[in-house]
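Please look over the model below before reading the notes.

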Amino acid sequence: MSRVAVVSGAARGIGLAISKELLSGGWTVVGCDVSEDVDKLTDTLGDDFSPFRLDVIDEDAVRRMAEEVYQNLGPVEGLVNNAGITRDSLLMRMDRDNWQAVIDVNLTGTYVMSKIFSRGMMRQRSGSIVNVSSVVGFSGSSGQANYAASKAGIIGFTKSLCHELGGRGVRVNAVAPGFVETDMTSGLSEEVREGYAQRIPLRRIGAPEDVARVVRFLLGEESSYISGVVIPIDGGMTS
């Protein structure tokens with residue numbers, strides 16, 4: 001039987017790329033997303049992909065999903081906390097709702113998913129959690145105080161959970177993508193995109209697959225002695 005991984009924010013972008021990468025590596029993938037687009041993915045991804053419509057901050061819904069996954073598919077060996085949103089604005093113009101929405105989805109959603117799925121991992125004394133942070137969690141970004149705070153929080157959360165779960169054989173790591181081609185960046189002009197690329201030592205914008213390959217490594221046995229690390233995937237931008 002193949003190993004089971006749960007991926008949040010799986011309907012598009014980095015989450016979809018991670019799902020495809022894991023499927024190609026023989027994993028069974030449970031992809032969850034608030035978007036109905038996730039339901040359509042079985043047509044292209046196949047029977048080893050199980051879609052769930054899910055809001056990651058709804059603890060009761062996450063608990064129900066976990067029970068269904070364990071009952072129908074077996075133990076969960078991998079969890080990828082990728083669900084995230086942006087509500088960009090300068091702080092002086094940022095209203096409380098847009099601050100809270102980003103913190104809720106990006107940081108609290110990571111907490112909810114990790115809390116529920118780590119219980120099974122601790123019981124089976126095995127598992128790997130990968131949290132998707134961002135380079136702005138290191139450096140900050142003008143107009144993204146809410147997003148940067150949520151992603152910095154994920155880094156601290158990852159390192160703390162590494163200590164809490166390590167004794168039960170559960171590893172917790174994070175990836176910090178830089179400028180990556182997603183729906184969030186597709187609306188930028190070619191001039192802006194070229195400006196970003198010139199600030200990156202590798203002189204190119206990243207692809208979701210660049211992130212997906214590292215996530216697959218962190219979930220697999222090849223990284224069995226790695227826990228508590230945050231890997232920038234940014235072409236050298238933060239070096």
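**Notes on salt bridges and a helix pair**

1. K115 is partly exposed, with a relative accessible area of 30%; here buried means under 20% relative accessible area, exposed over 50%, and partly exposed in between (1.4 Å probe, protein chains only). The model is predicted: local features need pLDDT of at least 70, side-chain atom pairs count only at pLDDT 80 or more, and totals for chains, interfaces and linings use all residues. Residues are numbered from 1 along each chain as its sequence is written, and side-chain values use heavy atoms, with hydrogens and water left out.

2. K115 forms a salt bridge with E59, the closest N and O atoms being 3.6 Å apart. The term stands for a side-chain nitrogen of Lys or Arg within 4 Å of a carboxyl oxygen of Asp or Glu. This pair links distant parts of the chain, with K115 in helix 4 (residues 96–124) and E59 in helix 3 (residues 59–72), 56 residues apart. Helices are DSSP runs (H or I, at least four residues), numbered from the N terminus. E59 is also partly exposed, at a relative accessible area of 24%.

3. Within helix 3, R63 and D60 are three residues apart, about one turn of the helix. Their salt bridge has its closest N and O atoms 3.3 Å apart. R63 has a relative accessible area of 28% and D60 one of 45%; R63 is partly exposed, and so is D60.

4. A network of salt bridges links E59, D60, R63 and K115. A further salt bridge joins the side chains of K40 and D37 (3.6 Å, N to O), and D37 is partly exposed at 28% relative accessible area. The whole structure holds nine salt bridges.

5. Helix 4 also packs with helix 6 (residues 145–165), at an angle of about 15° and with the axes 8 Å apart. Axes are lines fitted to C-alpha atoms, for helices over the stretch in contact, and angles run from 0 to 180 degrees between N-to-C directions. The two helices are therefore roughly parallel to each other, a label for angles under 35 degrees.

6. Contact means heavy atoms within 4.5 Å. On the helix 4 side the contacting residues include W99, I103, L107, Y111 and M122, and on the helix 6 side they include Y147, K151, I154, F157 and L161. By class, this contact has 13 nonpolar, eight polar and one charged residues. Ala, Val, Leu, Ile, Met, Phe, Trp, Tyr, Cys and Pro count as nonpolar, Asp, Glu, Lys and Arg as charged, and the others, Gly among them, as polar.

Key: Angles under 35 degrees count as roughly parallel, over 145 as roughly antiparallel, 65 to 115 as roughly perpendicular and the rest as oblique.
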